[in-house]
Amino acid sequence: MKYPFFASFIVFGFLFSFSLKKRTKNEKKYVENFWERERLADSTRRKSLEALDYIAIPFHDLPMDVMADLPEVQEFHKKLQELSGKKIVNFAGFSNTELKLTYGAPNIQLLSEYDGNFEELITLLQEWASFLLQNWGEAAQTCPEEERKQAAKVILAYAVSVGSDIAATYEKLVKLYLDCGETEKLPDLKERAEKIRSLSKGRIIAMIEEAEKV
């Protein structure tokens, strides 16, 4: 009675050993491919950056007049003005290796700077919209809630339009759409979310799909 068990144990051991060797081989191949791509990336010559999709901040389309007398809002405006003088490009989800292969290794510092400016932009837009949506008591008397909500929608929608991958931006915008009865805007929001390359994509899409069921 012990022989079938012993034979099964040997077969299992053989299969486990085979699977382990195969996995090790695959991992080794992956590492070799990674370093080969990195070698090619580091040897890629500088390419022109003129055709990059640079982002220009559309101040005339943003609610610059809403609660503009508050120091906090003025600070948001100041930071936006400072960013407007810099080059902004969305590289969210792209690795340094991919950027070097596409645009040349000598450009990586510039590309990282442009992407850093983009991260600063979408974070600033998120914070600005969140500030407007807070309950400001006496300050809110000079700016009705509906006006602040509308302003926040414009800001968040702009952030989405340039490729923001901040989940909270989508969450707040979805809530505003639901509160305002604008559920017809959810499909377009989902379509934009599907273009995100970063890890937040799945969570954002799932959240929008859940909202569409309401």
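Start with the lining of the largest pocket, which by class has 12 nonpolar, five polar and five charged residues. The model is predicted. The pocket holds about 460 Å³ of space. Select D53, N90, V162, G163 and K195: of the 22 lining residues, these lie nearest the pocket centre. Next, colour α3 (96–103) and α6, each of which supplies at least two lining residues. With four residues, α3 gives the most.

Stay on α3 and pick E98. Its salt bridge partner is R197, with the closest N and O atoms 3.4 Å apart. This pair links distant parts of the chain, joining helix α3 to the loop between α8 and α9 across 99 residues. E98 is partly exposed, at 26% relative accessibility, and R197 is also partly exposed, at 43%.

Move to helix α8 (residues 186–193). Which of its residues are buried? Select L186, L189, K190 and A193. Viewed down the axis of α8, these buried residues fall within an arc of 100°, so they line one face of the helix. They pack against α6 (145–161), α7 (167–179) and α9 (201–212).

R192 is partly exposed at 35% relative accessibility, as is D188 at 42%.

Finish with R203 and E171, a salt bridge whose closest N and O atoms are 2.9 Å apart. The pair connects helix α9 to helix α7, 32 residues apart in the chain. R203 counts as exposed at 54%, whereas E171 is partly exposed at 31%. The whole structure has nine salt bridges.

Definitions and conventions:
Residues numbered from 1 in each chain as written. Predicted model: local features only at pLDDT ≥ 70, side-chain atom pairs only at ≥ 80, totals over all residues. Heavy atoms only, no water. Buried < 20%, exposed > 50% of the residue type's maximum accessible area, 1.4 Å probe, protein only. Arc of directions from axis to C-beta. Contact = heavy atoms within 4.5 Å. 1 Å grid on protein atoms, 1.4 Å probe; cavity = no way out; pocket = protein on both sides within 12 Å on 5 of 7 lines; lining within 4 Å. Points joined across faces, edges and corners; volume = space filled by probe spheres on them. Nonpolar A, V, L, I, M, F, W, Y, C, P; charged D, E, K, R; others polar. Salt bridge = Lys/Arg side-chain N within 4 Å of Asp/Glu carboxyl O.
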